[in-house]
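Visitor: Could you walk me through how to read the features of a protein model? I would like the general idea, then the case at hand.

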Amino acid sequence: MPRRSAPEWRARGARGTALVLWWWCLLSGADSYTLDTRHYLTYSGPNASLFGYSVLLHKNGQESWMLAGAPRAQSTFSQSPANPGAVYKCKVTGEGCEQIYLDVTYCGKTCYPESDNQWLGVSLSRQKRDGQVLACGHRWKNVHYSRQDQQNKLPNGICYKLEADLIKSRPLIPCYKDHQRKFGEDYGSCQAGISNFMTEDLIIMGAPGTSYWTGSVLVYNASSNESSAYLDDSGSVLYGSYLGYSVGAGHFSKPEATEVVGGAPQHGQTGKVYIFKVETKELQIIFEVMGKKLGSYFGASVCVADLNSDGLSDLLVGAPMFSTVREEGRVHVYMNQGAADMKELEFQLVGSDSYAARFGETLTNLGDIDNDGFPDVAVGAPQEDDLRGAVYIYNGRKSGISRTYSQRISGSVLGVDLRMFGQSVSGGIDIDSNGYSDVAVGAFLSDSAVVLRTRPVVIVEASVLLPPSVNRSQPRCNENGQPSVCLVVSVCFWVGGKSIPGHIGMLYNLTADVRRREGFPSRFYFTGNGSSNIVMGKISALHNQVKCIDHQAFMKRDVRDIFTPIHFELTYELGKHNVIKTSVKSLPSLKPILQQTGDHSNLVTNKTQFSRYCAWVNCSTNLQVSAQLVLPQSHKNVPYFALGTGKTIMLNVSLANVGDDAFLPVLQLRFPSNLYFIKVLEAEEKYVSCETAEDDKTVVGLDCSVGNLYMNSLAKLNISFLLDVNQSSSGGDLTITVNATRENVENEDLLHDNFAAVTLPLRYGADLNVHGHVSPTLLMFGGPEDPDCSMHKFNYTYKVLNAGPSKAIGAKIVIDIPKTLTPYPYRLLSIAALQTSLGHCYTKDSPDGSDHSCDIPRPNIIQELVFFFSKITKREMYCMKNDSMCLYVECELGDVEVGKEATIQMEVDVNPAVLQISPGRHGVMLIDSTAVVSLREDPYIVPLQQAPFTKVVLEAQYNQRPRKDISMFIIGVSLAVGVLILAVLIYGLWKAGFFKRELKEKQEEFRRESWDFVQKTKDPY
């Protein structure tokens, strides 16, 4: 089955810093991790024999072997079977390989063996305890009945159990039954041995052809000589599932129990894996898991390993045909939670995720090859890199397994032309006696196999020892004859591992003051290296011993930062190591390598600090912050900021230090993004420097360093920040926070007053003014020329002005005007036209039953005479709240900008006849119309006037010219009264003798007498 690989192989050497010498980089970059790729061993078999289809490392006494299956090889012992396949044994230190004799002559009462194309060597496994080996050929056939009556050959499959000396062997044909002759039924075509696995007592063989390729797992207990098999009576395994395509065994339920694993990659076209409990005759399923993607061939390979070393086996399952593009392959990892409760990890192993790599075709437990206490796993990707193949090494961890591989070994980098490298992998045997298991890899398409030896792993515990503090006032060292302040840095190494003889060289870099403040120079340097804060060295250590070396680090004379701790950093790498030769003379010694585990690094740090004399525990500072806003507006003694004014805001912050000296104090201001920072008043005098740091899209950060590096104990600073508001801001309450930080220690119980928050109230402050007038202003009623229903038109005009300082949000005007003469129902006036320059207006006329007819009762003549001759009085007509006798006009003006005016014009028709209804009329009738302006009710709107209003009065005066009938009546009555008065007067005169002649006669006489006094002389001239 296909699979995949990983990025180009990575060297896992030292992890130093950029300051490590270039020759260190060459040294670490040239080598791989645990498996050595320089001194590999190669083996080859006959052409087209598929030599290396399976491989197995084997050891018997002092002899080490590499066994290779060649399923298409011709036997060297007999020429009669055609390509029966073979198992080759290759001495690690010898030349060439030779076949192991494996054959069967008698297989049963109704059995006749046929070894042609039996694929011997398709699978190999080894028992750890006694070193027994199992080699199988799954296409071995029983041809007893086909020879007699031309029935089907029965591909039962065969396995050979070899003793550790690889000479004695015994055939196993687990699927053979006497008189069984039907192909496909039961075990007739089981093909046992396509996969196999051995434990101390059990021989496990896969039989995928059982029951028409449903498949089965066969278990033979060598101790009790009993056989068990899985019989699918419940239908848990579907036809054509190929159960047994891969097998394994481990301790899943408890450490002392052994359970069997079987893969069925064709189950439901997604694949499935089972864990079986071994009963006397049958296998019982205790766990099963199905693949997740169609055609992934999930279960084509399985691997049992206790990845986290908790005593219970974990499970890896290969899905080599998993495709995102084409057959990249995946490996699923299932961790044992106890009692065979397997939980899949959140990630899968992917190698290099290469096209058509078939990553996961082979899974092998290598044992602990990096000496970290956890087993490691090899994953083959034989078709990666255009069938050249690759093998990936993943390391076990406390958490399960590393997500990324620690080493990738490609078939193209080993110096030989390898094809399908990684189709088979074997480990667990130390062939060169260096204490570490080595690894064999098959490359069957090039009829080759390779043995990769494991390098010794050196475990290093490094430390940097420093004094607890540095006293600046006591120079205890001399440099160039001058007293200097210094400290002694001890670099120590402990070297361990599996019996590493001789001296082990260590190369290291020691760097002083690595975490100093940004922009500050290093405060310490090493002698003999100018003014550099780096020193390089080497040391030779012995196995399981601690070796130290001292370095003097001198303090520079102009150090101002005494608050930041002094950090030292050590990076190291293995140096030269003269290794004693191994007992295998022909194998060269391998260079050791540093162990690289998940929690281990080649970098060590430590720190010290300057001595200080402090009043507080831990030399703690104690910063205290308070803040107050100075706002340009207030209303009813409540300050606020009026939107649209363009004025600035002043934030006054008080920072006090009531503890020990504070190093690099910083005020951190955080405010919404619609506020802008302008400047800090007197910034230079107070050593305030601010940098804007936008935390996110809605909050802006302003970090202001305060003071000249320090803020002394009991010091206090008052700092004023000028802020501006975005003109497009909306009303609301904005929170401005101020937090005081410092680089040195401040005790946790003192941090509560390092924070202050103020609220900036953004409000719409609007001053609305309203005035109005009516034209014409006077209405005459009661004239003789006024017919009923003669309407008079009047134009009402109202103007609303926003005097600011903010725009008026949701401005509204309500106009009322009486529509009847209370208590009469007759309609006095109606609105004929209505318009506004802003927004829209509408009329509200309550259904009060007012009469629009012209049939208005007129006063009788007596009422008219009484009203005519009565004293002139006034009556004022006005509206109450929600008055049904009034008309209301409401205008929604919307948002009125500062300085903008809204004009409302209203044309009103007035029926003066209604004003003549008596009783109720007066000589002067005042018709009041009131206009009230308001803003939308909102907590963020401040009306600077409470309900501004105006009143427009239309004055109606009674016309003193009476009606015609009243006039005639008055004239007639006046004539009659005049005649009567005249008669009375004449009568009185008559009675008084006015009309007698005595007086006249006396007057005549008097006139005559007066004439006699005039001279009667002639004019002399």
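Guide: We will look at a sheet, then aromatic pairs, then charges over rings. This is a predicted model, where local features need pLDDT of at least 70 and side-chain atom pairs count only at pLDDT 80 or more, while totals for chains, interfaces and linings use all residues. Residues are numbered from 1 along each chain as its sequence is written, and side-chain values use heavy atoms, with hydrogens and water left out.

Visitor: In what order do the four strands of the open sheet lie?

Guide: Strands are DSSP runs of E with at least two residues, numbered from the N terminus, and two of them pair if DSSP finds at least two bridges between them. Here the order is S1-S31-S30-S29, with antiparallel pairing. Strands S1 (41-44) and S29 (421-429) are the edges, each pairing on one side only.

Visitor: How many bridges join strand S30 to strand S31?

Guide: Five bridges connect S30 (residues 438-443) with S31 (residues 448-452). Valine 439, for instance, has leucine 452 in S31 as its bridge partner.

Visitor: How do I read a pair of aromatic rings?

Guide: Such a pair is described by the distance of the centres and the angle of the planes. Rings of Phe, Tyr and Trp (its six-membered ring) pair if their centres lie within 6.5 Å; planes under 30 degrees apart count as stacked, over 60 as edge-to-face and the rest as tilted. The structure holds 20 aromatic pairs. Phenylalanine 493 and tyrosine 572 have ring centres 5.6 Å apart and planes at 80°, so they are edge-to-face. This pair links strand S36 (residues 486-496) with strand S41 (residues 566-577), across 79 residues.

Visitor: Is phenylalanine 493 buried or exposed?

Guide: Buried means under 20% relative accessible area, exposed over 50%, and partly exposed in between (1.4 Å probe, protein chains only). Phenylalanine 493 has 0%, so it counts as buried. Tyrosine 572, at 2%, is buried too.

Visitor: And what does a stacked pair look like?

Guide: Take phenylalanine 524 and phenylalanine 610: their centres are 6.0 Å apart, with 25° between the planes. Phenylalanine 524 is in strand S38 (residues 524-526) and phenylalanine 610 in strand S43 (residues 603-610), so the pair ties together parts 86 residues apart in sequence.

Visitor: Where does the charged end of arginine 147 sit?

Guide: A charge sits over a ring if NZ of Lys or CZ of Arg is within 6 Å of the ring centre and within 35 degrees of the ring normal. Arginine 147 places its charged end over the ring of tyrosine 112, 3.8 Å from the centre.
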